[in-house]
Amino acid sequence: MELKEFIKTTITQISQGIIEAQEELNGNDMIVNPSGLATNSNGDKYLRTDGWRYVQNIEINVGVTAIEKEGEKAGIGIVTGILSGGAQASSDNSNQTVSTIRFDIPVALPSSPTPKGHKASRPASIKSTVI
């Protein structure tokens, strides 16, 4: 498989996975890859269109194998076993490449209102300026 085909297939599958997650979670108060993000000075992300809701990244790190057999269409798939060093002889004519792909997907996890009567575990520090 050529590099450009591998990249195109990987990005397409990630995008389709995000779309399917968005559709499946619709109405469950979880937002996958939300738009309208704002970042504070600490680098924290917030969804400004939803009451400054906190957004975090889900980091995904997967091993992907690309297999190309003579006379067959090439494909990619997730590595399901433990990767180990060394080579293994094979009688068929195929090329196999294992790569690691790491990417983040921002999500706004489901939230609920703070219960009435909830007491903070530490007092909030309030700075006021007298003019």
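Start at Arg53, whose side chain comes within 3.3 Å of the backbone oxygen of Ala108 and within 2.7 Å of the backbone oxygen of Leu109. Both are polar contacts, meaning a pair of N or O atoms within 3.5 Å; within protein, one must be able to donate a hydrogen and the other to accept it, and residues adjacent in sequence count only if both atoms are side-chain atoms. This is a predicted model, where local features need pLDDT of at least 70 and side-chain atom pairs count only at pLDDT 80 or more, while totals for chains, interfaces and linings use all residues. Residues are numbered from 1 along each chain as its sequence is written, and side-chain values use heavy atoms, with hydrogens and water left out.

Arg53 sits in strand β4, residues 53-69. With a relative accessible area of 10%, Arg53 is buried (buried is under 20% relative accessible area, exposed over 50%, partly exposed in between, with a 1.4 Å probe and protein chains only). Setting aside neighbours within four places in sequence, the contacts of Arg53 include Asp29, Met30, Tyr46, Pro110 and Ser111, a contact being heavy atoms within 4.5 Å.

Tyr46 brings us to the aromatic rings. A search of the whole structure turns up one aromatic pair. It's Tyr46 with Tyr54: the ring centres are 5.7 Å apart and the planes stand at 65 degrees, so the pair is edge-to-face. For the cut-offs, rings of Phe, Tyr and Trp (its six-membered ring) pair if their centres lie within 6.5 Å; planes under 30 degrees apart are stacked, over 60 edge-to-face, and the rest tilted. Tyr46 is partly exposed at 22% relative accessibility, and Tyr54 is partly exposed too, at 43%.

Now step back to the whole chain. It has one helix and six strands, in the order α-β-β-β-β-β-β; these are DSSP runs numbered from the N terminus, helices being H or I of at least four residues and strands E of at least two. Of the contacts with a separation of 6 or more, 58% join residues 24 or more positions apart. Buried residues are 16% of the 131 in the chain.

What about the helix? Ile7 lies in α1, residues 3-25, and is partly exposed at 41%. Leu3, Ile7 and Ile11 make a nonpolar surface patch of about 300 Å². Patch residues have over 30% relative accessible area and no salt bridge; like charges are joined within 9 Å, and nonpolar side chains (Val, Leu, Ile, Met, Phe, Trp, Tyr) within 5 Å. A salt bridge is a side-chain nitrogen of Lys or Arg within 4 Å of a carboxyl oxygen of Asp or Glu.

Technical notes:
Accessible areas come from the Shrake-Rupley method with a 1.4 Å probe; for residues, only the protein chains shown count as cover.
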